[in-house]
Amino acid sequence: MNNILALFKKETSSYFNSPIAYFNIIAYLAVSAGLFFWFGFFFERRQAQMTYFFRLMPWIFLFFVPAMTMRLWAEEKKMGTVEMLMTLPIKSHEVIIGKFLSSFLLIAIMVILSFPIPITLSFLGDPDGGQIIASYLGLLLMGGAYLSIGLCASTITSDQIIAFISGILMCFGMLVIGFVPYFRDFGLESHFGSITRGVVDTRDLIYYFSVIGFFLYLSVLSVESKRWR
Amino acid sequence: MIEVKNLTKSYGATIAVNNVSFSAQAGEIVGFIGPNGAGKSTTMRVITCYLPADEGTVTVDGYDVFEESIEARKRIGYLPESTPLYTDMGVVDYLKFVAQIRGVAGHTRNERIKDVIDICSLEPMMHKNIGELSKGYRQRVGLAQALIHDPPVLILDEPTAGLDPYQIIEIRNLIKEIGRQKTIIFSTHILSQVAATCDRTLIISNGKIVANDSPQELALSTMDQQVTQIGIIGPHEEIQTKLEHLDFVLDFKKLDSETEYSCYHITSHKDHQTAPELAKFVSQNNWELTELYKTAIDLENVFLKLTQSESQRTGELG
């Protein structure tokens, strides 16, 4: 626990010591608000609802989350610091969890900073508060799932660009599988869709937690594979 | 303290370390030398639990590095080759991070960080980011993080690479100082360092240990010749012709010197009492003797001889 905390602190401060975090957050807010208000025909629709905003999110996350996770492991490999890190008395899963949590914090901040949108809506009309809160919860869960996939992609390479692109591809695969008949429940978007309707089902929670668990486990395996014999 | 038994490690088809065994006791400083690609770093990476061995075992303080990796890692301070550090972190933040994972208790942590900053003379840079530091200071940060938990075992992979002569001497003294209570294994290319710092030298070549002894012993056992330096005031030509006729002189070489007397390096068999004979020789000829001493062992020659004969041998086999 102590180790996870130490790593979480280190990762978080390195996010905020570099422009990456700020840049990512600002770009995310600009793109999602822009797409929502203009391309979503928000003013033409004359409806104070955020449904369209949330419907955009699986596609926006596809690019923004791998951009945040690409450096998590690839950078350690490139700079050689992975050798220092993995010879410290810390278990591989503690490293992975610490890194996951710190990028999760970043996603949470990013998502929460979109709060002016629901506030604006409440001035313009009467949006469904419960539904919006449920959707934000769903956004965090889905963000966690994207993160774990992106982190896993980052462990397989020392090149951040490759980590970014393979992160997008892996997330995309997990997203579109939901559009294949019979595989709907495996898609990243399907469960989010049902949460945005305002119903948080345990099945949805279980789905996201298992995706996160599975990809974090794969990341640990990928990191540990160097030590196999 | 460290026991390496029949260690073998290969990368694909290349064998990096081939059936290597050695041990290091507490309080011993072991110098690890060998040509590039000889297997020094690979051996160190196995000892520090970064890479698994293909065959053989390594124990650190009784803990197997593969089976009880975390316990072994707790007892090791490690400075990897080329000192990888988080360049976006501050010096103190970085040391805090390592101290926390190294299990340095919270209430002693700040004190301990202050100690290693003192030991490694990092005060002037302690409020900077690691990325802003020069190579020498980065090296010290690397050393500081290796020392932070006061480990019984230190593994330093080329701790003096890229440093200027002053810094090299500083680091060397530091290693000597710390080495009184700890087991230290360090690798280097600079052979004079080994002679000046180590209790024992391991020479590794093509993944095999070709020598394992103190630097002095090594020189004596490998070299069958000694070199004596002598300074004589007298007629140059006559000195040279007479030197050629001395039967114990295997070879001699005139040194370039700007003094009024001429200096020679006399090579003779290692068991021969060369200095007294030379003194007699000079007085018999009524010349004046200005200096006469046996030169220090030349590790460079030892090294070349050992590593070359090894590569020749493998060359013949191939």
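Reader: How do the residues lining the largest cavity divide into nonpolar, polar and charged?

Author: Keep in mind that this is a predicted model. The lining of the largest cavity is made up of A:Gln49, A:Met50, A:Thr51, A:Phe54, A:Gln131, A:Ile132, A:Ser135 and A:Thr196. Sort those residues by type and you get three nonpolar, five polar and no charged.

Reader: OK, and which element gives the most to the lining of the largest cavity?

Author: Two helices of chain A, α4 (51-79) and α8 (129-155), each put at least two residues into that lining. With three residues, the top contributor is α8(A).

Reader: How much space lies in the largest cavity?

Author: Counting cavities of 30 Å³ or more, there are two. For the largest cavity, the space comes to about 50 Å³.

Reader: Which element gives the most to the lining of the second largest cavity?

Author: Start from the residues around the second largest cavity, including A:Met84, A:Leu85, B:Tyr94 and B:Phe97. Two elements give two or more residues to this lining: α5 (81-86) of chain A and α3 (91-101) of chain B. The one giving the most, with three residues, is α3(B).

Reader: Moving on to the sheet in chain B, why do β2 and β5 each have one side left without a neighbour?

Author: The sheet is open, with four antiparallel strands in the order β2-β1-β4-β5. β2 (14-24) and β5 (63-64) of chain B sit at its edges, so one side of each has no neighbour in the sheet, as each has a single partner strand.

Reader: Which residue in β2(B) is the bridge partner of B:Val4?

Author: Strand β1 (residues 2-11) of chain B runs antiparallel to β2(B), and seven bridges join the two. In β2(B), the residue bridged to B:Val4 is B:Phe22.

Reader: And what angle does helix α1 of chain B make with β1(B)?

Author: Helix α1 (residues 40-47) of chain B packs on the sheet, touching β1, β2 and β4 (55-60) of chain B. Compare its direction with that of β1(B), and the angle is about 120 degrees.

Methods
Residues numbered from 1 in each chain as written. Chains lettered and ligands numbered in written order. Predicted model: local features only at pLDDT ≥ 70, side-chain atom pairs only at ≥ 80, totals over all residues. Heavy atoms only, no water. 1 Å grid on protein atoms, 1.4 Å probe; cavity = no way out; pocket = protein on both sides within 12 Å on 5 of 7 lines; lining within 4 Å. Points joined across faces, edges and corners; volume = space filled by probe spheres on them. Nonpolar A, V, L, I, M, F, W, Y, C, P; charged D, E, K, R; others polar. Pairing = 2+ DSSP bridges. Contact = heavy atoms within 4.5 Å. Axes fitted to C-alpha atoms, helices over the stretch in contact; angles between N-to-C directions.
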